[in-house]
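Have a look at the sequence and the fold, then read on.

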Amino acid sequence: MNTSSLHIDNLSFAKKAEQLEGRLDIAACPRLLEVLQSHVPKKHQDAAQASSVINFKLQGQVDGQGRSFILTEIDAQISTYCQRCLEPLSLAFKLSYRYLIAETDNQEQGGLALDDSDEYDLQDPDKSMDVAALVEDVS
């Protein structure tokens, strides 16, 4: 599966409690790649890029109040260089985020202000949400 061009209807995905797992090469994440390459000597950039991958899992959810969420879990292995000793450095990290799929124009839903929660971030409903962009944002 080419996850770099994968798009989903995020609201439908959440409401149907769908699940998607995949692997994303760092090359599919231009913003993250640019930051990483700025810390890697030019002669080692290809090797660092080749050994950096992001595994992800998206899980749709609907809570007891009928709100639609996408849980995003990231398990990544990123290769870069230590800025202090200039030796190769492998960074492993696991991240988890929850996204509430709701119109951000309407900042109130069910009497609660949507942007006041630390438990989730907001995503507008999108019939063609770019999965690679979401994974890159989390990373």
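Which residue of strand 5 does Ile-78 stand opposite?

1. That residue is Leu-91: Ile-78 faces it across the pair of strands. Please keep in mind, as you look, that this is a predicted model. The two strands concerned, strand 4 and strand 5 (residues 88–101), run antiparallel and are joined by 13 bridges.

2. Now follow the chain from strand 4 into strand 5. The two make a hairpin with 6 residues between the strands, and here Leu-86 has a positive phi near 60°.

3. Strand 4 also has a partner in strand 3 (residues 53–62), again in the antiparallel sense, this time over 10 bridges. In this pairing, Phe-56 is the residue opposite Ile-74 of strand 4.

4. Is strand 4 mostly covered or mostly uncovered? Strand 4, which spans residues 68–81, is mostly covered, with 11 of its 14 residues buried. For the chain as a whole, 37% of the 139 residues count as buried.

5. Stepping back, you can count 4 helices and 9 strands. Along the sequence they come in the order β-α-β-α-α-β-β-β-β-β-β-β-α.

6. Among contacts with a separation of 6 or more, 57% join residues 24 or more positions apart. The chain exposes about 8,200 Å², and 47% of that area comes from carbon and sulfur atoms.

Note on methods:
Residues numbered from 1 in each chain as written. Predicted model: local features only at pLDDT ≥ 70, side-chain atom pairs only at ≥ 80, totals over all residues. Heavy atoms only, no water. Buried < 20%, exposed > 50% of the residue type's maximum accessible area, 1.4 Å probe, protein only. Contact = heavy atoms within 4.5 Å. Areas by Shrake-Rupley, 256 points an atom, 1.4 Å probe, with all protein chains shown as cover. Pairing = 2+ DSSP bridges.
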